[in-house]
Amino acid sequence: IGDVGLELVEASEGRDDEPARPDAVNGRSRTGLAWAVAAGALLALVATVTWVVLLQREAPSRLVADIVPQDPEATVSARGGPPAISPDGMRLAIVVERGSEMSLIVRDLSTGNEQSVASGDEIRGPFWSPDARSLAYFDGERMLILAPGAARPEPVPGVTVPSRRLASGSWAPDGTIVYGRMPEGLMRVRPFDGEPELLLNPFPDRSGDRVEFPSFLPDGRRFLFLIFESEGGGTTGVYMGSLDSNEFTPVLPVASNAVYTPSGMLVFSRAGGLQAQRFDIAAGRVEGEPIRIASDVRPVSWPPHALFTVSESGRIVYVRGSAADAESEFVWMDRATGDMTPIGVQGSLWNPSLSPDGRFLAFDWTTGETSGDIWIRDLENGLDTRLTSDPKNESNPVWTPDGRTVVFFRGDDIYRISPDGV
C-alpha cells in the first residue's frame, strides 16, 4: 500500500443527506481453469481506502488518506471481509488479491510501511487482539493467530469454519473470541485454552440464515452482531448479545456490520453510504437521527456488509465504492495467450460451472430480488435461464458427470435440479 496524504477538515453540520466533505484529497475467486471473472470495477478499489475521524459531537471531521497497494496487480478483496484497524488506530490489516491468490497485508499508518503476513486462496476476516499486538484471521477452515515475535501464525485448536465462506470474529479483553460459524451461529473460544462452544443461535431450526460480524462493546461482555434472515421475514438487523447470556436484543433494522465508537456513535452502512447514529450504550438503543459520514462506502451483497473498520481511538477506515463495484463479467480466457473474450453476462456473478459437453454455463447470480439464484446460459445461442427463485440464498452449482442434473446449495442444504428447471 503506497503513499498517504492526509487532510483534516471540520464539518459544522451533519445530516443524513449532507455528507461531510474534505476540501481536498491528497495522495494516491472465484475462478476455475479456463474461466476468469473480470471485475473491472473492483480494480478501482485499489486506490480508495479512506480514513475518517468521529469527534465528540454530531458532525464528523474527516481525516482523508488514499491508500494504494504497492503491487499494481493487487486489488482490495471484497471476499476477504472488512479491513481491520488496530484498537490503537496505528495499523491496518486488509486482504488483497493478486489473481487467484489472497494476501493479508498489515500497514503501519504512522510510517506507511507494509508487510504481507499471510497468503493463500482463502484468507479472510482479520481482527485484532484488544492490546493490538496479535492479529487473528481465517484461512480455509481454520482460525489462525499471528502473535508478536512468532515466526508463523498458529491455528487455534478446535476452531473450524466452513471453507469458501466469509468468516468474522471479535476479541474481548478477557481473551474470549466470538466468531460466526454456519449453521450453528455465534461461537466462543479462549484461544489455546479450551474448546469452542456455542454462544447463541437465533434460528436453530433454520438453515441459510447468517449470524456474523460480532464487535465487542467497551465493557468487554456485550457485543453487536448482524442477523441476516435469507427468507426475508423481517428479522434482519443489528443486534446486541452478551457473553453472559444466550439472549439478544434488536438495535437497528439494517443489513450491515456495525461498530461502536468511543464518541458514543454506532457506525454502520445503509443505502450505499456510511452512517453514524448516537448509541445509548447502557440501554442498548440508538437515539436521534443518523448522520452521513460518506456516500461511497463499498458494499458486499452476501452476506450484506460494507468494507469499513473503526478503532478505539475513533479512526474509521473504509473502502470507497458502490454496488456497481460488485458487478463482474464472465469471460473465456485463452490459457496460452491470456487473451479474454467476454461471454456477455454481467452482474453480481459467482461460481461458474461448465457442463461436461461445454455447451452450458451454470452460475449463481445475485440480482437484488433475492439473495442469490441459480442461472444457466446456453453458450451456443446466448440465452439465460433462471432455474431457481427461492428467497434463500442458492449457490455453488455443480454439474453431474452426465450433464443431466445441477446440484447446488440452498442455504446449507443440498438440492438438485435438471437444466430445464424440473
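Residues are numbered from 1 along each chain as its sequence is written, and side-chain values rest on heavy atoms, with hydrogens and water left out. Because the model is predicted, local features need pLDDT of at least 70 and side-chain atom pairs count only at pLDDT 80 or more, whereas totals for chains, interfaces and linings use all residues.

**Confidence**

The chain averages a pLDDT (the predictor's confidence in each residue, from 0 to 100) of 78, and 77% of the residues score at least 70. Among the elements of the chain, the lowest mean pLDDT, 23, belongs to strand S1 (residues 7-9), and the highest, 96, to S14. Over residues 1-48 the pLDDT stays under 50, and the model has 145 contacts (heavy atoms within 4.5 Å) beyond four places in sequence for this stretch. Residues 53-64 also have pLDDT below 50, with 64 contacts in the model beyond near neighbours in sequence.

**Strand pairing**

Helices (H or I, at least four residues) and strands (E, at least two) are DSSP runs numbered from the N terminus, and two strands pair if DSSP finds at least two bridges between them. Strands of a sheet pair through backbone hydrogen bonds, either parallel or antiparallel. Here, four strands make up an open sheet in the order S10-S11-S12-S13, with antiparallel pairing; its edge strands, S10 (123-128) and S13 (154-155), each pair on one side only.

| Strands | Sense | Bridges |
|---|---|---|
| S11 (residues 135-139) and S12 (residues 142-146) | antiparallel | five |
| S19 (residues 222-228) and S20 | antiparallel | six |
| S20 and S21 (residues 245-252) | antiparallel | five |

Strand S20 (residues 237-242) is largely enclosed by the rest of the structure, because six of its six residues are buried, where buried means under 20% relative accessible area, exposed over 50% and partly exposed in between (1.4 Å probe, protein chains only). A hairpin through two residues joins S20 to S21. Within S20, Tyr 239 is the bridge partner of Phe 225, while the bridge partner of Gly 241 is Phe 248 in S21.

**Aromatic and charged contacts**

Rings of Phe, Tyr and Trp (its six-membered ring) pair if their centres lie within 6.5 Å, and planes under 30 degrees apart count as stacked, over 60 as edge-to-face and the rest as tilted. By this rule the count is 13 aromatic pairs.

Tyr 239 and Phe 248, together with Phe 216, Phe 223 and Phe 225, form one aromatic cluster. Elsewhere, the charged end of Arg 410 sits over the ring of Tyr 415, 4.3 Å from its centre; such a placement requires NZ of Lys or CZ of Arg within 6 Å of the ring centre and within 35 degrees of the ring normal.

**A buried proline**

Pro 290 is placed in strand S25 (residues 285-294) and is buried, with a relative accessible area of 10%. The C-alpha atoms of Pro 290 and Leu 266 are separated by 9.1 Å, although these residues are 24 residues apart along the chain.
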